[in-house]
Amino acid sequence: MSLQSLKISVITPVYNGETMIKDCMESVANQTYQDKEHIIIDGLSTDNTVTVVNSCKREFVKLVSEKDKGIYDAFNKGIDLASGDVLCFLSADDMYAHQNVLQFIADAFKLHAEADMFYGDIVYVDRNDLSKVVRYWKSSPFKPGLFKKGWMAPNTALFIRKDLFKEYGAFNLKLKLASDYELQFRFFEKHNLKSGYVPGILVRMRSGGVSNSSLKNIYKSLRECYDALCYQSVRFPLRYILNILTYRWKQTKIPPEIKRLNYEQLNLPLQGKKQSSQTVV
């Protein structure tokens with residue numbers, strides 16, 4: 001990976017996302033970092049998604065529209081198509097929190113050439129009021145053993161060197177709701193790849209994603225997390241699952257200054273100084 005020219009590929013799966021995909025695309029287009037591409041994998045939407053994408057398309061946007069086997073299959077297709085040095089996964093109804101997110105990440109990789117991954121924080125926002133925060137996922141530097149305590153990096157704020165997917169594998173299609181958890185366990189805990197934490201909110205996620213849209217899906221997601229741990233031959237996986245519930249419950253405790261964020265507040269730390277990354281481990 002060249003330190004002088006580091007390309008970032010943003011992979012976005014979408015299916016019938018005509019009302020959300022424009023915001024997602026604009027948040028990528030508005031990034032100040034220029035060496036980027038946006039790969040949109042459409043699962044043959046039956047609404048006007050493709051029309052909206054084409055109307056917003058820029059030179060760095062790639063669109064593939066074909067039937068897939070779900071979100072993780074779309075992620076894997078994006079990985080195969082990506083020409084970037086670093087990959088990330090931004091859902092169709094999510095947006096970068098400010099215009100310098102990709103610049104932060106590029107700076108972090110250039111400062112820590114030995115790093116395999118970087119990640120930051122996210123907020124879940126009301127689907128109709130993007131300034132109203134309903135959940136705050138504040139992460140922390142990774143240390144071996146944290147998955148046992150329910151820890152996981154926010155997948156949509158995780159940036160990974162592309163060559164790692166070839167070496168350690170991509171998303172497991174046997175899992176429909178928790179393949180991101182299994183991949184992270186593999187990368188962070190099993191193989192102990194070098195990661196760094198970039199403090200700060202990088203992504204706004206609209207509430208009501210697939211794995212959190214109902215109690216039934218929450219149960220299915222946790223069940224799949226259990227299965228993922230079994231795939232990795234983890235002893236006493238139920239302990240991990242109980243701690244995941246605790247970890248998620250803590251995310252509902254939102255600091256007063258985070259409860260309602262506007263664009264200017266999110267962008268404020270960027271004025272005058274760069275946000276530094278935590279030590280790579």
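The model is predicted: local features need pLDDT of at least 70, side-chain atom pairs count only at pLDDT 80 or more, and totals for chains, interfaces and linings use all residues. Residues are numbered from 1 along each chain as its sequence is written, and side-chain values use heavy atoms, without hydrogens and water.

**Ring pairs**

Rings of Phe, Tyr and Trp (its six-membered ring) pair if their centres lie within 6.5 Å; planes under 30 degrees apart are stacked, over 60 edge-to-face, and the rest tilted. The count comes to 21 aromatic pairs. Here are two of them.

| Pair | Centre to centre | Angle of planes | Kind |
|---|---|---|---|
| F89 and F171 | 5.2 Å | 85° | edge-to-face |
| F147 and F188 | 6.3 Å | 45° | tilted |

F89 is in strand β4, F171 in the loop between α5 and α6, 82 residues apart. Strands (E, at least two residues) and helices (H or I, at least four) are DSSP runs, numbered from the N terminus. F147 lies in the loop between β7 and β8 and F188 in helix α6, so this pair ties together parts 41 residues apart in sequence.

**Charge and surface**

K36 lies over the face of F60, 5.0 Å from the ring centre. The rule asks for NZ of Lys or CZ of Arg within 6 Å of the centre and within 35 degrees of the ring normal.

L245, in helix α8, is partly exposed at 40% relative accessible area.

Definitions and conventions:
Buried < 20%, exposed > 50% of the residue type's maximum accessible area, 1.4 Å probe, protein only.
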